[in-house]
Amino acid sequence: MILRDKVILVTGAAGGLGRAFAQRFAAEGASVVCADIKGASETVRLIEEAGGKAIALSVDITDAESVREMCDAAVSACGGIDGLVNNAAIYAGLSMKPFHEIDEDEWDRVMAVNAKGTWLCCKIVYPYLIRRGGGSIVNIASASILEGNPFFAHYTASKGAVWALTRSVARTAGEHGVRCNSITPGYTMTDASKGLAGSPEDFQKNYDYSIQARAIHRAMEAGDVVGGVLFLLSDDSAFITGQNLNIDGGCIHY
């Protein structure tokens with residue numbers, strides 16, 4: 001179990017990729033702090049049923065005080081923080097539209113959560129990682145930044161910010177033994193992804209296209225993403241920082 005005795009904080013842990021991350025980390029021996037604005041009690045229930053250790057917290061990552069309370073609760077319950085996965089983002093519920101049709105309020109809301117929220121978590125969790133003698137931050141970006149998705153300009157721009165932030169954090173944090181990397185997952189079959197296309201016909205069209213565009217011709221599931229993040233959290237990647245790992249079945253090569 002490569003995360004034995006580690007405390008890993010996962011934002012956006014109520015479902016989708018966040019839940020898959022949390023469950024795998026617990027199976028690898030970590031105590032997992034499952035944070036989500038909706039709470040993550042179901043994720044914790046599943047982890048505990050499987051014999052793992054986890055706590056659920058309701059957190060608004062756009063609010064600094066809420067993030068600080070999350071960190072303090074993690075320390076109180078688990079003794080510290082060794083790793084952070086910045087997974088929380090606005091994705092579900094967005095409608096497909098070109099950049100010039102996006103409402104200003106929607107743009108600001110996506111940027112506040114996806115870009116500012118990720119920055120706030122990096123900023124506030126950082127001193128807690130230093131106190132543990134170092135640690136790992138993994139930021140979840142998106143392969144959309146590599147392909148220039150024409151229908152989610154705000155989401156794509158926010159994930160581009162996450163990628164750029166990762167490199168800046170890595171440059172600063174390395175002197176204290178804190179690593180920061182990102183991943184860019186492709187179109188993954190989570191409930192959020194399934195709800196984006198609108199009609200069943202549009203979903204099938206996106207689904208078929210995503211499979212044909214890959215070198216590995218099958219649907220991408222949440223479990224396909226988890227291993228890369230697990231590696232970046234573990235000591236197996238102890239000399240890797242400021243890097244991005246693209247996980248999309250070979251759709252985009254860069």
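How many aromatic pairs does a search of the whole structure find? The search, carried out on a predicted model, finds 2 aromatic pairs.

A pair of aromatic rings is described by the distance of the centres and the angle of the planes.

## The contact of helices H3 and H4

Helix H3 comprises residues 64-78 and helix H4 residues 104-131; their axes come within 10 Å and cross at roughly 35°. The crossing of H3 past H4 is right-handed.

On the side of H3, the residues that meet H4 are Ala64, Val67, Arg68, Met70, Cys71, Asp72 and Val75. Their partners in H4 are Leu120, Cys121, Ile124, Val125 and Tyr128. Taken by class, the residues of this contact comprise 10 nonpolar and 2 charged, with no polar ones.

## Glycine 39 and its surroundings

Glycine 39 lies in the loop that runs between strand S2 (31-36) and helix H2 (41-49). When residues up to four places away in sequence are left out, glycine 39 touches Ala14, Leu57 and Ser58.

One of these, serine 58, is 19 residues from glycine 39 along the chain, yet the C-alpha atoms of the two are separated by 4.4 Å.

## The second largest pocket

Rolling a probe the size of a water molecule over the atoms shows where empty space is left. The second largest pocket has a volume of about 180 Å³. It is lined by 14 residues, of which Lys6, Gly134, Gly135, Ser136 and Asp235 are the closest to its centre.

Which classes of residue make up the lining of the second largest pocket? The lining divides into 6 polar, 5 charged and 3 nonpolar residues.

Terms used. Residues are numbered from 1 along each chain as its sequence is written. This is a predicted model: local features need pLDDT of at least 70, side-chain atom pairs count only at pLDDT 80 or more; totals for chains, interfaces and linings use all residues. Side-chain values use heavy atoms; hydrogens and water are left out. Axes are lines fitted to C-alpha atoms, for helices over the stretch in contact, and angles run from 0 to 180 degrees between N-to-C directions. Helices (H or I, at least four residues) and strands (E, at least two) are DSSP runs, numbered from the N terminus. A crossing is left-handed if the near helix is turned anticlockwise from the far one by less than a right angle, and right-handed if clockwise. Contact means heavy atoms within 4.5 Å. Ala, Val, Leu, Ile, Met, Phe, Trp, Tyr, Cys and Pro count as nonpolar, Asp, Glu, Lys and Arg as charged, and the others, Gly among them, as polar. On a 1 Å grid over the protein atoms alone, a cavity is a set of points where a 1.4 Å probe fits but cannot get out, and a pocket is an open set with protein on both sides within 12 Å along at least five of seven lines; lining residues have an atom within 4 Å of a point. Grid points are joined across faces, edges and corners, and a volume is the space filled by probe spheres set on the points. Rings of Phe, Tyr and Trp (its six-membered ring) pair if their centres lie within 6.5 Å; planes under 30 degrees apart count as stacked, over 60 as edge-to-face and the rest as tilted.
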